[in-house]
Every structure is written in structure tokens, then in C-alpha cells.
Amino acid sequence: MDSPLVTVGLPIALGIIMFGLGLSLTIDDFRRVREHPRAVVIALVCQLLLLPAICFGLVVALDLPPLLGIGMMLLAASPGGTAANLFSHLFRGDVALNVALTAVNSVLAIFTLPIITNLAISYFDSPDSVSLQLRKVVEVFVVVLVPVLLGMLVKSKRPSFAARADKPVRIGSAVILALLVIVILIDQREDLGGYFADVGLATALFCAASLVIGYAVPKAFGVTEKQAIASSMEIGVHNGTLAIYIAVEVLDSTEISVPAAVYSLIMVVFATVWGYVLTRPRIAVLR
């Protein structure tokens with residue numbers, strides 16, 4: 001994909017999205033982890049260990065082609081997206097916990113994402129030359145973490161501006177992700193039917209598993225309902241833009257980005273339906 005919209009626009013788009021994330025974070029959000037250690041640890045174990053294992057099982061069971069398998073594992077390794085906070089707010093989750101999880105998870109992903117992705121590349125022994133080398137990991141680090149730090153700096157120095165910019169940046173992030181998905185699907189239109197046949201079921205099952213596990217496992221360990229909903233949205237709503245960026249700009253493969261693009265379409269529907277399922281009983285009681 002040599003279009004300037006992608007080669008130039010994609011890094012800028014990811015930077016804007018991560019800057020928007022920074023506008024919603026403070027140092028206290030990281031300190032807040034100590035207030036909910038059980039909920040945070042359980043959610044991170046699900047995100048970093050359980051989900052990649054489940055995703056790998058799906059990829060092997062469904063016998064996906066190597067590049068799509070790598071794309072699925074890249075998606076599984078990606079942290080929660082900024083949209084997770086919005087879904088948590090809409091469906092009465094603990095948004096403060098979401099913000100803390102997003103903050104910690106985004107930093108941890110700088111280290112865990114290259115490990116999981118390189119393991120996937122090694123396992124699938126892709127015939128195409130793809131690798132996530134140290135130099136490229138540093139590129140991802142700069143594109144992801146620097147805008148977040150800048151956003152946090154703006155929030156600390158100009159909190160009123162950060163508050164005003166929060167909603168427009170969230171809307172802009174959603175529009176940017178939608179445009180990226182459309183561009184990728186158009187670029188791959190000749191193989192689109194085959195890709196959906198190959199990866200549609202895998203992404204749907206993985207999305208459903210992510211949302212359900214993100215809720216059920218924390219509940220089984222005794223966290224509150226609001227915290228379980230926050231965990232579910234954090235784990236189920238992945239940062240598709242980051243996965244697409246790494247696939248296209250770092251691994252130089254549009255095909256690897258397809259699972260993230262398809263997942264980004266599915267997760268909006270699934271997260272909305274799941275949030276309604278979780279909150280409907282309480283709405284009925286309130287009536």
C-alpha cells in the first residue's frame with residue numbers, strides 16, 4: 001500500500017489517537033492501579049496470557065493461512081483501544097479502572113507485542129519476509145508512547161483544553177479507524193471474499209471470547225460488576241489502529257492487517273450487543 005493516505009496518514013492517524021489517549025490520562029491513573037490490584041492483575045493476565053493462547057488455538061483449529069494467522073496473533077497482542085473507555089462508560093463499567101488498565105496495558109504492550117508477534121512469525125514460518133526487529137520496535141515505541149506522553153503533558157498543563165478536546169478527538173479517532181478499514185478493504189478487494197471466508201469466523205469467535213472472558217474470569221475471582229464490565233470492554237475492544245499500523249508500516253504486509261480491519265468492524269457490533277446483554281437486567285430492575 002504505497003498510497004500517501006497510508007504511508008503518511010497512518011502514522012499521523014495513530015499519533016492523533018494515542019495523543020487523544022494521553023489527554024485522558026494522568027499520573028494518578030497509574031497510581032490508581034494500587035487501589036484495585038485484584039481487578040488489574042486479573043484483567044492483565046487475561047489480556048497478556050489467556051487471549052493470545054485462545055487466539056492461537058483458533059488460528060490452528062481453523063487452519064488459517066500464515067499471514068492471516070500472524071495478523072490474528074498481532075491483534076491478540078494489541079492492547080485495548082480508547083474506544084474501550086467509551087463502551088465502558090455507555091454500559092456502566094468502572095471507567096476509572098478502564099483508564100488505569102489502558103494506561104498500564106499500552107506501556108506493557110511495547111514489550112509484549114513484539115514478543116508475541118515474533119513468536120507467531122517464527123511458528124507460522126511465513127514464506128514472506130516479515131519480522132519485527134529491534135529497530136522497528138523502537139519505531140513503534142516512538143509512535144505510540146511519545147504522543148501519549150505529550151497528551152498527558154497537555155492535560156497536566158492545560159486541563160481545560162484537554163477536557164474540551166476529549167470528545168472531538170474520540171470522534172476523530174473513530175472516523176480515522178473507519179477510514180483505515182475502508183482503505184485496507186478496498187486495497188484488498190480482489191481477495192476480500194476469500195479473506196472474509198478465511199478470517200471472518202476466526203475474528204468473530206475471538207471477539208466474542210474476548211468480551212465474555214473479560215467479564216466472566218474477573219467475576220469468578222470476586223471483582224465487582226462495574227469492574228467486570230470495564231475489564232470486558234478493555235479486553236474485547238482492541239486497538240485495531242495499532243495492529244494495522246504495525247502490519248502495514250512495520251511488517252510491510254497489508255494481508256497481515258486484514259484480521260485487525262475485519263475485527264474492528266465486528267467488535268463495534270459485538271461490544272454493543274454484549275453491553276446491552278450485561279446491563280439489561282439492571283435496567284429492568286430500575287424500572
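What share of the contacts with a separation of 6 or more in the protein chain comes from residues 24 or more positions apart? They account for 85% of them, a contact being heavy atoms within 4.5 Å.

Before you click around: this is a predicted model, where local features need pLDDT of at least 70 and side-chain atom pairs count only at pLDDT 80 or more, while totals for chains, interfaces and linings use all residues. Residues are numbered from 1 along each chain as its sequence is written, and side-chain values use heavy atoms, leaving out hydrogens and water.

Start with the cartoon view. You'll find 13 helices and zero strands; helices are DSSP runs of H or I with at least four residues, strands are runs of E with at least two, and both are numbered from the N terminus.

The protein chain exposes about 12,700 Å², with carbon and sulfur atoms supplying 68% of it (Shrake-Rupley method, 1.4 Å probe; for residues, only the protein chains shown count as cover). Of the 287 residues, 53% are buried, meaning under 20% relative accessible area with a 1.4 Å probe, protein chains only.

Now select helix α9, residues 159-187, and pick out Leu179 there. Together with Ile171, Val175, Ile182 and Ile186, Leu179 makes a nonpolar surface patch of about 450 Å². Patch residues have over 30% relative accessible area and no salt bridge (a Lys or Arg side-chain nitrogen within 4 Å of an Asp or Glu carboxyl oxygen); like charges are joined within 9 Å, nonpolar side chains (Val, Leu, Ile, Met, Phe, Trp, Tyr) within 5 Å.

Last stop: cysteines. Cys46 is buried at 2% relative accessible area, and Cys207 is buried at 0%.

Conventions. Buried < 20%, exposed > 50% of the residue type's maximum accessible area, 1.4 Å probe, protein only.
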